[in-house]
Amino acid sequence: MSEDGRRRLLIIERAYRGALETQFADVLYLARELNRQQGGTDILLRGLAVTYAAAGSRPAPVMVAGSRKIDTLPDPRESVRTLIEEGAVIWAEEDDLAMFETGPDWLLPAVRRGGPADPLPDWSAYRGVYFL
Amino acid sequence: MAQQLSRGDVLLAVMGPPHISDMVTSAVRLAQALLERGATVHIWTCGHATGLTSAALGEAKPRNVVNWSYEYPSSAALATELLDTFPDRLTWYSCRFCTEERGSAPHIARIRQRPPFKFTEHLDAVDTALFLGVC
């Protein structure tokens, strides 16, 4: 964190950036390290990436190549939970949530809504804004 | 020249790059499903997809700093795994031009480099050709 205590805002809009070839090294892996080094960051999810903040569990992503089971594919929902545990503040944009949200329990409770009905993160309040 | 290519049921032409979509994962799942059902599969990689089988990748990805002791397989190791499991029915070709242009050489063993102007023979050698992504 900077001397004046302002945080950085990370914006993630694109989901599905490789699975087999990416495994642990997805965009949230970088976000987690930035969060650790910065003493906390805010992350705004937009577009398809709002599904990272879904509360529902789903089968762990697993696939088979040859005779080998690969169970180390990216698991962004789990990564978002880890980020929250480690002090990151997760936001999800309401306009994009509307495409997926099926009920009041769809979104993880700890995730902040931003959009027409609620204030979005105020860019000017951050030390920097970064599109990942 | 076409006679020198073995016949295949399906060609998966992986044209798009890895790491920007789930395309490579879909290609491998599709190949696995076809091979498990007895089909003969040809894979052709172009563009940055040639890097999937670069020997420089080694067996494992770089270490995960939050799970240091675990070895995550590289895409090259997974390609080897596929070729080991289905040695008679999977053939993996890679575009020679793209391999050199994108710095993917040398490939791991059993990746057959082919000049791009021979690609049409590969289309003729299979019953069904699927293009995944664009270079």
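The expected span of a helix is 1.5 Å times one less than its number of residues. Helices (H or I, at least four residues) and strands (E, at least two) are DSSP runs, numbered from the N terminus. This is a predicted model, in which local features need pLDDT of at least 70, side-chain atom pairs count only at pLDDT 80 or more, and totals for chains, interfaces and linings use all residues. Residues are numbered from 1 along each chain as its sequence is written, while chains are lettered from A and ligands numbered from 1 in the order in which they are written.

**View 1. Helix α1 of chain B.** α1(B) has 14 residues and reaches 20 Å from its first C-alpha to its last, close to the expected 20 Å. The helix covers residues 23–36 and lies across β1 (8–14), β2, β3 and β5 of chain B. It runs at about 170 degrees to β1(B). Axes are lines fitted to C-alpha atoms, for helices over the stretch in contact, and angles run from 0 to 180 degrees between N-to-C directions. Gly38(B) follows α1(B), with a positive phi near 95 degrees.

**View 2. The buried residues of α1(B).** Met23(B), Val24(B), Thr25(B), Ala27(B), Val28(B), Ala31(B) and Leu34(B) are buried. A residue is buried if 20 or more other C-beta atoms lie within 10 Å of its own, exposed if 12 or fewer, and partly exposed in between; C-beta atoms are placed from the backbone. An α-helix has 3.6 residues a turn, so residues three or four places apart point the same way. The buried residues of α1(B) pack against β1, β2, α2 (75–85), β3 and β5 of chain B, together with β3 of chain A. Contact here takes C-beta atoms, placed from the backbone, within 7 Å.

**View 3. The open sheet of chain B.** 5 strands line up in the order β4-β3-β2-β1-β5, with parallel pairing. β4 (111–114) and β5 (126–132) of chain B stand at the edges with a single partner strand each, so one side of each has no neighbour in the sheet. From one strand to the next, the twist averages 25 degrees. Two strands pair if DSSP finds at least two bridges between them.

**View 4. Strand β3 of chain B and its partner β2.** β2 (residues 41–45) and β3 (residues 90–95) of chain B run parallel, joined by 5 bridges. Trp92(B) is the bridge partner of Ile43(B). Trp44(B) stands opposite Tyr93(B). Leu90(B), Trp92(B) and Ser94(B) point one way from β3(B), and Thr91(B), Tyr93(B) and Cys95(B) the other. Of the 6 residues in β3(B), 6 are buried.

**View 5. Backbone details in two loops of chain B.** The peptide bond between Ala105(B) and Pro106(B) is cis, with omega about -5 degrees. Pro106(B) lies in the loop between α3 (96–101) and β4 of chain B. Arg110(B) is found in the loop between α3 and β4 of chain B. Its phi is positive, about 75 degrees, although Arg110(B) is not a glycine. His19(B), also not a glycine, has a positive phi of about 75 degrees. His19(B) sits in the loop between β1 and α1 of chain B. It counts as partly exposed because it has 16 C-beta neighbours inside 10 Å.

**View 6. The interface between chains A and B.** 17 residues of chain A are in contact with 21 residues of chain B. Strand β3 (residues 63–65) of chain A gives the most to the chain A side, with 3 residues. The model scores ipTM 0.91 and pTM 0.92.

How values were computed: Two residues are in contact if their C-beta atoms, placed from the backbone, lie within 7 Å.
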